[in-house]
Amino acid sequence: MENDLADLFLRTAKRIRRQQIERLAPLGLTPAQSRALRVIIGTEGPLRMTDLARRLDIVPRSATTLVDALEADGLVTREPDPANRRSLLVRPTAEGLAVRARIAGTRREAAREVLSPLSDEQRETLRELLAVIDAAAEPRARR
């Protein structure tokens with residue numbers, strides 16, 4: 001039963017991810033870039049690059065690559081950290097904030113399509129069960 005449950009869960013998560021990839025493509029974003037933008041926007045004030053890497057649970061060089069792409073698309077800016085000249089701060093641009101709203105819609109659409117066989121009540125039950133699992137996870141494991 002547990003292997004079956006894990007397999008079903010992973011297959012469903014992969015289907016949602018594939019749907020998200022398809023919907024993010026017209027925005028010119030990868031799932032990793034989308035996630036980085038969500039983290040940057042979800043932070044109060046600018047975010048140090050090292051903190052972004054930690055929150056994404058990736059190495060700093062990978063965070064730099066993600067921010068390079070987001071900056072090239074005009075979605076974020078980088079500036080020196082006045083408190084530490086060796087650090088850079090990242091903040092969203094107005095365009096980044098606008099794209100974030102579209103990203104949220106694509107994520108909802110992807111999940112809605114994959115979960116469409118469920119009734120409203122079943123989706124709410126699934127949401128509640130996943131919330132319990134998420135709440136029990138270590139804070140670092142939640143993204």
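Two strands pair if DSSP finds at least two bridges between them. Helices (H or I, at least four residues) and strands (E, at least two) are DSSP runs, numbered from the N terminus. This is a predicted model: local features need pLDDT of at least 70, side-chain atom pairs count only at pLDDT 80 or more, and totals for chains, interfaces and linings use all residues. Residues are numbered from 1 along each chain as its sequence is written, and side-chain values use heavy atoms, with hydrogens and water left out.

**Exercise 1. Work out the order of the strands in the open sheet.**

Solution. Step one: take E2 and E3. Six bridges join these antiparallel strands. Val76 has Pro92 as its bridge partner in E3. Asp81 stands opposite Asn84 in E3. A hairpin of two residues links E2 to E3.

Step two: take E1 and E3 (residues 84-92). Two bridges join them, again antiparallel. Leu47 is bridged to Val90 in E3.

The order is E1-E3-E2, with antiparallel pairing. Strand E1 (47-48) and strand E2 (76-81) are the edges, each pairing on one side only.

Axes are lines fitted to C-alpha atoms, for helices over the stretch in contact, and angles run from 0 to 180 degrees between N-to-C directions.

**Exercise 2. Describe how H3 and H4 pack.**

Solution. First, geometry. Helix H3 (residues 49-56) meets H4 at about 105 degrees, with the axes 9 Å apart. The two helices are therefore roughly perpendicular (65 to 115 degrees).

Next, residues. H3 brings Met49, Leu52, Ala53 and Leu56; H4 brings Pro60, Ala63, Thr64, Leu66 and Val67. The contact has eight nonpolar residues, one polar and no charged. Ala, Val, Leu, Ile, Met, Phe, Trp, Tyr, Cys and Pro count as nonpolar, Asp, Glu, Lys and Arg as charged, and the others, Gly among them, as polar.

**Exercise 3. Which helices each supply at least two residues of the lining of the largest pocket?**

Solution. Helix H1 (2-24), helix H2 (31-41), helix H5 (94-114) and helix H6 (120-136) do. Now take the lining as a whole: 36 residues. Nearest the centre lie Phe9, Ala13, Ile16, Arg107 and Leu130. By class, the lining holds 21 nonpolar, five polar and ten charged residues.

A pocket, on a 1 Å grid over the protein atoms alone, is an open set of points where a 1.4 Å probe fits, with protein on both sides within 12 Å along at least five of seven lines; lining residues have an atom within 4 Å of a point.

Technical notes
Parallel < 35°, antiparallel > 145°, perpendicular 65-115°, else oblique. Contact = heavy atoms within 4.5 Å.
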